[in-house]
Amino acid sequence: MSAWIRRAALCALALALAFPALAEQPVRVFAAASLTNALNDIATEWEKAGHAKPSLAFAASSALAKQIEAGAPADVFASADVTWMDYLDQRGKLQPGTRANVVGNSLVLIVPQGRRFPVTMKRGFDLARAFDGKVCTGEPGVVPVGIYAREALQHLGWWTALQSRVVGTDDVRTALAFVERGECPLGIVYATDAKISRKVDVLATFPADTHKPIVYPIAAVRGARPETAAFLQFVKTSKTAAHIFAKYGFTTGTR
């Protein structure tokens, strides 16, 4: 091998080592709206570690699952409940062996800041008469937060009186925004969403036994890019990701 060829090979190796992210494709992540802040921070840390910054799309888990089923280009799906992850799993859309529960959450009643009223989170309390106006949450039966909300209201015996006053939104962040603007005097969102807002007050937390456990599973979509496995590992097991999830109020007992 001539000296020129040897030098060229060494230069090529040096460039490959110096700029590994150039050959790496961004991991395409479809995630529940309630994960927006946490996953944005995690994506930033992933990029700082020398990887291509992930492409993040946030919406209701139901909408994202339907998009993935229809062939939308995604490498990772992070859902706010197991139902929509099961939906894709049953249709063969997930990469086997990659699914795991990452974090948990709580369900809370919120009001616009400064508009608290007395409430008792027990059967027998008449929540419908305790306030005037609508209740904003995710679309019941479709959007995960709305599914949990309906379960909790039914468990406490409040659903029948409130059903006609429930405003079902496309995702939890939209419900939060309606309450922030005072368009809804009451909302049901996740504790993590209430935590990031300075415009709402938490009225009460729903007891955990009033609804199914709020669990966030994550998995690789079938046909995902090679970089996906390392990114999933980072989200599921790194101390960096765990710290970020905890900062935003997610529970980590499911990790």
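Visitor: Which residues touch the most other members of the largest nonpolar core?
Guide: Keep in mind that this is a predicted model. Nonpolar side chains tend to be buried together in soluble globular proteins. Here the largest nonpolar core has 67 residues, and those touching the most other members are Leu35, Leu107, Leu186, Tyr190, Phe206 and Phe245.

Visitor: How many residues are in the other core, the one with Phe77 and Leu88?
Guide: That core lies apart from the largest one. Among its members are Ala65, Phe77, Leu88 and Leu94, and its residue count is 14.

Visitor: Is strand β10 largely enclosed or open?
Guide: Take one face at a time: Val215, Pro217 and Ala219 are buried on one side, and Tyr216, Ile218 and Ala220 are buried on the other. Six of the six residues in 215-220 are buried, so β10 is largely enclosed.

Visitor: Which residue in β10 is the bridge partner of Asn101?
Guide: Strand β4 (residues 100-104) runs antiparallel to β10, with four bridges joining them. On another strand, β3 (residues 76-78), Val76 stands opposite Ala220. For Asn101, the partner in β10 is Pro217.

Visitor: What is the relative accessible area of Asp193, which pairs with Arg173?
Guide: The two side chains meet in a salt bridge, 2.5 Å from N to O. Arg173 sits in helix α7 and Asp193 in helix α8, so the pair ties together parts 20 residues apart in sequence. Buried means under 20%, and Asp193 is buried at a relative accessible area of 0%.

How values were computed:
Residues numbered from 1 in each chain as written. Predicted model: local features only at pLDDT ≥ 70, side-chain atom pairs only at ≥ 80, totals over all residues. Heavy atoms only, no water. Buried < 20%, exposed > 50% of the residue type's maximum accessible area, 1.4 Å probe, protein only. Helix = DSSP H or I, 4+ residues; strand = E, 2+ residues; numbered from the N terminus. Pairing = 2+ DSSP bridges. Core = buried A, V, L, I, M, F, W, Y, C linked by side-chain atoms within 4.5 Å. Salt bridge = Lys/Arg side-chain N within 4 Å of Asp/Glu carboxyl O.
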